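Happy to walk through this one with you.

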Amino acid sequence: VVSTQSGHYGRGLPSGNSPGMAKVQVYHHTVNNTYRVVGRKINDHAVVINCALLKGLRYHVATERFHQWRDQRQVYGLNFASSAEAEEFGNIVRDCLAKLSGTVSPAMDTTAQQRAQEEEQRLEDERLRIEDERRRAEEEIARRNEEERLAMEKIQKRKKYRLRLCVDTTA
């Protein structure tokens, strides 16, 4: 859940026009070496967060599942579904901020690259799994259609045979 708050005081309000979960991603513009946090509601794809990660930004882990930061206009908060998701997102943001400030160690950069490669591999594996399931479902449908076609042929042959028997016995 994404929340925003204008000013310094008060409670944050959920972003967007409808309640619900959002998919939040960090984008990197490689030419300009800038980062943005962009979130869209899962149910209607409405943009609920779109802010730059700037050098010097302070990222605060308020609780295990709630993280927040601020820019010149407002405070942003993310309430994660799990502490693992929160930790992963926090690590990504901290890596981005470290790169912006020039304090990235090769190990951090390697870790971020490894995470990105693992995520790409996970997405590719998921795509292949879904493609395989779709192919198997199509094969099953084709098999059932063929069985139905053969059963209908068998029924038609029986009907013709019975009709011939009826015609032969009346002659």
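Q: What share of the chain counts as buried?
A: In this predicted model, 20% of the 171 residues count as buried.

Q: Why is Trp 69 called buried?
A: Buried means under 20% relative accessible area. Trp 69 has 2% relative accessibility, so the residue counts as buried.

Q: Which residues does Trp 69 touch, leaving aside those up to four places away in sequence?
A: A contact requires heavy atoms within 4.5 Å. Among the residues that Trp 69 touches are Val 37, Ile 49, Leu 57, Tyr 76 and Phe 89. For Leu 57, 12 residues apart from Trp 69 along the chain, the C-alpha separation is 7.4 Å. Trp 69 itself sits in strand E7, residues 66-70.

Q: What makes E4 and E5 a pair?
A: Two strands pair if there are at least two bridges between them. Six bridges join strand E4 (residues 34-41) to E5, so the two strands pair, and they run antiparallel. Gly 39 stands opposite Ile 49 in E5.

Q: What is the strand order in the open sheet of three strands?
A: The order is E3-E4-E5, with antiparallel pairing. Strands E3 (22-29) and E5 (47-53) are the edge strands, each pairing on one side only. From one strand to the next, the twist averages 15°.

Q: Which helix lies across E3, E4 and E5?
A: That is helix H1 (residues 83-101), running at about 20° to E3.

Q: How many helices and strands does the chain have?
A: There are two helices and eight strands, and the pattern along the sequence is β-β-β-β-β-β-β-β-α-α.

Conventions: Residues numbered from 1 in each chain as written. Predicted model: local features only at pLDDT ≥ 70, side-chain atom pairs only at ≥ 80, totals over all residues. Heavy atoms only, no water. Helix = DSSP H or I, 4+ residues; strand = E, 2+ residues; numbered from the N terminus. Buried < 20%, exposed > 50% of the residue type's maximum accessible area, 1.4 Å probe, protein only. Axes fitted to C-alpha atoms, helices over the stretch in contact; angles between N-to-C directions.
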